[in-house]
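Visitor: Please take one part of this model and look at it closely. I would like the packing described piece by piece, with the values given.

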Amino acid sequence: MEVVQRGQLFMISMSRKGRALGMITFAAPSQICFRSLQVVLEVLPATLRELVQSGKDIEAAYWELVIKDIQDACKLFESIYDETNGGDGYVSVEVSPRLADDTQGTVEAAKWLHKVVNRPNVYIKIPATAPCVPSIKEVISQGISVNVTLIFSLARYEEVIDAYLDGLEASGLSDLSRVTSVASFFVSRVDTLIDKMLEKIGTPEALDLRGKAAVAQAALAYQLYQKKFSGPRWDALVKKGAKKQRLLWASTSVKNPAYPDTLYVAPLIGPDTVSTMPDQALQAFVDHGAVSRTIDLNVSEAEGIYSALEKLGIDWNYVGTQLELEGVDSFKKSFDSLLDTLQEKANSLKLVSL
Ligand SMILES: O=C(CO)[C@@H](O)[C@H](O)[C@H](O)[C@H](O)COP(=O)(O)O
């Protein structure tokens, strides 16, 4: 196990054999691009001026900046990708969140991004909304690697795994080893919502379950992962070089300061998982986190918590749907605000406005 930091991007990962790995990295456009766009805006206003003066609208200028940014990041991680034989060293770029309910639009956007970025270690990031699950299958079948984001429930996670398996099976490729995927399962937000519901219920039993739902569900997701990536169907794909779709823990920073600051990292360490961490969570883990396999230490406890919550009236499907709506909405807001910032800058440079 190893913690790697390059610039603002981090990963902790443990390989199947417990060997320390390099890094894989992910960032929503709001994170990676906003940081780099700040640099662009401060240091290179000429780039933006040139782009807009060449007749591009702000969104087209945005994509041009993002693509260059992602290509540079891919280059930075290329050696890790090569050293791990395509296991790590990826960079994600997300299709426009405005397409989250558009199956075919998402497929087209993913194919376009994959083509223009043109790097082997790029993940095209697609949200796990109901309309985009078929897009995931289609994009995987075209040999494009995917980071499936915004997964909040076990039911949707199973659909995402099936989309990956269906996509691999539908692909005409004889060697599947370069088509990879991660399933980004969001953790802390589950507690944020369920804690509120438990407080509303207000009984001692309900209050005692606060801060336990997210890790319990994540532990069960790992059980599902192990089940789905074994058996005859999976073995047939392995013969063609297929790689497992790794589980990636997203939303790992603690939102309730009363909880331990490594709550969403320490209990979720296991083979083939990826933990993404913002700076604060990473610093906390480096400072006092312990590295050992924890993900399947307490499976029966996780099952108990999951069903105790159900018995209290917590509807896991409602939780998943609600968090997905909020997640898509917040990705859209980040995207819109980024475009607004870019437009303001363009205006201040006395450029052509839209
Ligand atoms: O989208 C992915 C992974 O696909 C995440 O890495 C994502 O960028 C971040 O983890 C989340 O947006 C952060 O979530 P939160 O801490 O705001 O709940």
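This is a predicted model: local features need pLDDT of at least 70, side-chain atom pairs count only at pLDDT 80 or more; totals for chains, interfaces and linings use all residues.

Guide: Contact here means heavy atoms within 4.5 Å.

On the helix 7 side, Arg189, Val190, Leu193, Ile194 and Met197 make the contact. Their partners in helix 13 are Trp316, Tyr318, Val319, Gln322, Leu323, Gly327 and Ser330. By class, the residues of this contact comprise eight nonpolar, three polar and one charged. Two packed helices are described by the angle between their axes and the distance between the axes. For helix 7 (residues 188-201) and helix 13 (residues 316-348), the angle is about 125° and the axes are 10 Å apart. That angle makes helix 7 oblique to helix 13. The crossing of the two is right-handed.

Helix 13 also takes part in an aromatic pair. The whole structure contains 14 aromatic pairs. In one of them, Trp63 and Phe335 are tilted, with 6.3 Å between centres and 45° between the planes. Trp63 belongs to helix 3 (residues 58-83) and Phe335 to helix 13, so the pair ties together parts 272 residues apart in sequence. Buried means under 20% relative accessible area. Trp63, at 10% relative accessibility, therefore counts as buried, and Phe335 is buried too, with a relative accessible area of 3%.

A further aromatic pair is Tyr225 with Phe229, also tilted, at 5.3 Å centre to centre and 50° between the planes. Tyr225 is buried at a relative accessible area of 2%, and Phe229 is buried at 4%. Both residues belong to one aromatic cluster, together with Tyr164, Tyr222 and Trp234.

Next comes Thr149, which is placed in strand 5 (residues 146-151). Thr149 is buried, its relative accessible area being 1%. Leaving aside neighbours within four places in sequence, Thr149 is in contact with Lys125, Ile126, Pro127, Ala128, Ser184, Phe186 and Phe331. Thr149 and Leu248 are separated by 99 residues in sequence, and their C-alpha atoms are 9.1 Å apart in space.

The buried residues of helix 5 pack against helix 4 (103-117), strand 4 (122-127), strand 5, helix 6 (154-170) and strand 6 (181-186). Within helix 5 (residues 133-141), the buried residues are Val133, Ser135, Ile136, Val139, Ile140 and Ser141. An α-helix has 3.6 residues a turn, so residues three or four places apart point the same way. After helix 5 comes Gly143, which has a positive phi, near 80°.

The packing of helix 4 with helix 5 can be given in the terms used above for helix 7 and helix 13. Helix 4 and helix 5 pack at an angle of about 35°, with 8 Å between their axes, and their crossing is right-handed. Thr103, Thr106, Val107 and Ala110 in helix 4 meet Pro134, Ser135, Glu138 and Val139 in helix 5. The residues of this contact divide into four nonpolar, three polar and one charged.

Methods:
Residues are numbered from 1 along each chain as its sequence is written. Side-chain values use heavy atoms; hydrogens and water are left out. Axes are lines fitted to C-alpha atoms, for helices over the stretch in contact, and angles run from 0 to 180 degrees between N-to-C directions. Helices (H or I, at least four residues) and strands (E, at least two) are DSSP runs, numbered from the N terminus. Angles under 35 degrees count as roughly parallel, over 145 as roughly antiparallel, 65 to 115 as roughly perpendicular and the rest as oblique. A crossing is left-handed if the near helix is turned anticlockwise from the far one by less than a right angle, and right-handed if clockwise. Ala, Val, Leu, Ile, Met, Phe, Trp, Tyr, Cys and Pro count as nonpolar, Asp, Glu, Lys and Arg as charged, and the others, Gly among them, as polar. Rings of Phe, Tyr and Trp (its six-membered ring) pair if their centres lie within 6.5 Å; planes under 30 degrees apart count as stacked, over 60 as edge-to-face and the rest as tilted. Buried means under 20% relative accessible area, exposed over 50%, partly exposed in between (1.4 Å probe, protein chains only).
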